[in-house]
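Biologist: I'd like to learn how to read a protein model feature by feature. Can we take it slowly?

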Amino acid sequence: MHEVIDRAFAAALYGDGDEGLDTGASLLAANPAADAELRRRGEEYLRRAWERGWQPADVVRLVRRDLAETHVRLTAALVLAETSRYPHLPPRWSTQLADLADLVPGAEKTPQDRFSYATIHLQLYRLLLRLPPLEPVGPPPGETLPAPTEGEPRALTRIRALLAKAEATGFPEEAEALTAKAQELMARHSLDEALLAARTHAKDVPAACRIGVDAPYETAKAILLDSVADANRCRAVWNEAYGFSTVVGFEPDLESVELLYTSLLVQGTAAMTKAEAAQRAAGRRRTKTFRQSFLMAYAHRIGGRLAAAGEHAVAEAADEGTPEATLLPVLAARDVAVTDRAEQMFPETTSTRVRGVTDGDGWSAGAAAADRANVTPGSRRLP
């Protein structure tokens, strides 16, 4: 069976056209006994992807963008099978794998003839084979890791609950208050962790994670994520080609960035949908340009709100007895460490000129939505 697999792969995986795919699929369709080896080869391609810096969520995101849902379900099944062999998995992989588990029951539901079955595998494997190396954001699976801390800090549990309520409420004022409180807790949690590390001389170093930045309107979403990262003392580098940003920072701050970005995107999308409906009711139809301009304004305005929230948290800590002469050097040292780590990971980055803001109504509505998503407790609104 290995000879059949090798011949099929030689025909299908190293060309761009459909002719080779058809040849390879025909060979596999005629040999059902090759199915087990076909799946094993898929798991091997995933192992190579992990070694090149990819993580499960990265692979699935790319498959969903470039192929079909049947390929996504196959990918989920292969990832779960491959990762089950490791005694230890890197941080964040458990959450990624849990998200994939819901896809697996549907992996075998779509009726397929043998030729279609083989074609789907070969199309997926051709994509996996061509994945380039990425900057690692954690160890590959299988390495011995420190024992995980039981549970999570109480502050993060409260933050999750507040943001969930903010996303669920239909009242902008309530969402504003809940998000403001969540950002306040995030900032204080970060300050507490920084001071604790300084007092205990902990050998804490910046880490990194990847956060998906999906189409449509990915430029605006990347700007929003950059604003959230910057306000939480992290650095974000957008990889437009593969649909994610790599965020570099200390672990408590990375958690905050993931939580707040996701919540603000949910809140911003809901506000955009509501504003767009009002535009349509008034007889206007510029849906795409309205949405693009709305999200760009929302991302731009949120940046100012989050920066003010960070300043508020530092001032509050000083009022409560932590001298700025102690706090500011600690924060400055962590900022330098994050910048150094980001520059080591990405020695060559480019800035992109933002275009596409052409709808004045969309910009005004997005800025207003960002104001309603006020994250600066006790501060006045921007004019």
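Biologist: Let's start with Asp-192: how much of its relative accessible area is left, and what does that make it?

Modeller: Asp-192 has a relative accessible area of 43%. Buried means under 20% and exposed means over 50%, so Asp-192 counts as partly exposed. Keep in mind as we go that this is a predicted model.

Biologist: Where does Asp-192 lie?

Modeller: Asp-192 lies in helix H9, which covers residues 172-200. Asp-192 is also 125 residues away from Ala-317 in sequence, yet their C-alpha atoms are 9.3 Å apart in space.

Biologist: What share of the contacts in the chain join residues at least 24 apart?

Modeller: Take the contacts between residues at least 6 apart in sequence: 79% of them join residues at least 24 apart. Thr-273 sits in helix H11 and, at 42% relative accessibility, is partly exposed.

Biologist: Is Ser-263 buried or exposed?

Modeller: Ser-263 is in helix H11 too, which spans residues 251-281. With the cut-off for buried at under 20%, Ser-263 counts as buried because its relative accessibility is 0%. If you skip neighbours within four places in sequence, Ser-263 touches Leu-163 and Glu-167.

Biologist: And what percentage of the chain's residues count as buried?

Modeller: 45% of the 383 residues do. The chain exposes about 19,000 Å², and 54% of that comes from carbon and sulfur atoms.

Biologist: Now the helices. How do I describe two that pack together?

Modeller: Two packed helices are described by the angle between their axes and by the distance between those axes. Here, look at helix H4 (residues 56-66) and helix H6 (residues 93-101): their axes come within 9 Å and cross at roughly 40 degrees.

Biologist: Which residues meet there?

Modeller: From H4 you have Pro-56, Ala-57 and Val-60, and they meet Trp-93, Gln-96, Leu-97 and Leu-100 of H6. In that contact, six residues are nonpolar, one is polar and none is charged.

Biologist: Where do nonpolar side chains tend to be?

Modeller: In soluble globular proteins, nonpolar side chains tend to be buried together. In this chain, the largest nonpolar core has 41 residues, and Phe-9, Leu-28, Tyr-125 and Leu-128 touch the most other members. Several helices supply at least two residues each, among them helix H1 (2-12), helix H2 (18-29) and helix H3 (35-51). Helix H7 gives the largest share, eight residues.

Biologist: What else is there besides that core?

Modeller: There's a second, separate core of 31 residues, which includes Leu-162, Val-213, Leu-224 and Leu-260.

Biologist: Let me go back to Leu-28. Which residues is it in contact with, apart from its close neighbours in sequence?

Modeller: Setting aside neighbours within four places in sequence, the contacts of Leu-28 include Val-4, Ile-5, Ala-8, Leu-38 and Leu-122. Arg-114 is one of them as well.

Biologist: On to the backbone. Which peptide bond is cis?

Modeller: Look at the bond from Ala-215 to Pro-216: it is cis, with omega near 0 degrees. Pro-216 is in the loop between strand S1 (207-212) and helix H10 (218-231). Tyr-217 is in the loop between S1 and H10 as well, and has a positive phi of about 60 degrees although it is not a glycine. The relative accessible area of Tyr-217 is 14%, so this residue is buried.

Biologist: What is the phi of Arg-233?

Modeller: Arg-233 has a positive phi of about 60 degrees, and it is not a glycine either. You'll find Arg-233 in the loop between H10 and strand S2 (235-239). Arg-233 is partly exposed, at a relative accessible area of 23%.

Key: Residues numbered from 1 in each chain as written. Predicted model: local features only at pLDDT ≥ 70, side-chain atom pairs only at ≥ 80, totals over all residues. Heavy atoms only, no water. Helix = DSSP H or I, 4+ residues; strand = E, 2+ residues; numbered from the N terminus. Buried < 20%, exposed > 50% of the residue type's maximum accessible area, 1.4 Å probe, protein only. Contact = heavy atoms within 4.5 Å. Areas by Shrake-Rupley, 256 points an atom, 1.4 Å probe, with all protein chains shown as cover. Axes fitted to C-alpha atoms, helices over the stretch in contact; angles between N-to-C directions. Nonpolar A, V, L, I, M, F, W, Y, C, P; charged D, E, K, R; others polar. Core = buried A, V, L, I, M, F, W, Y, C linked by side-chain atoms within 4.5 Å.
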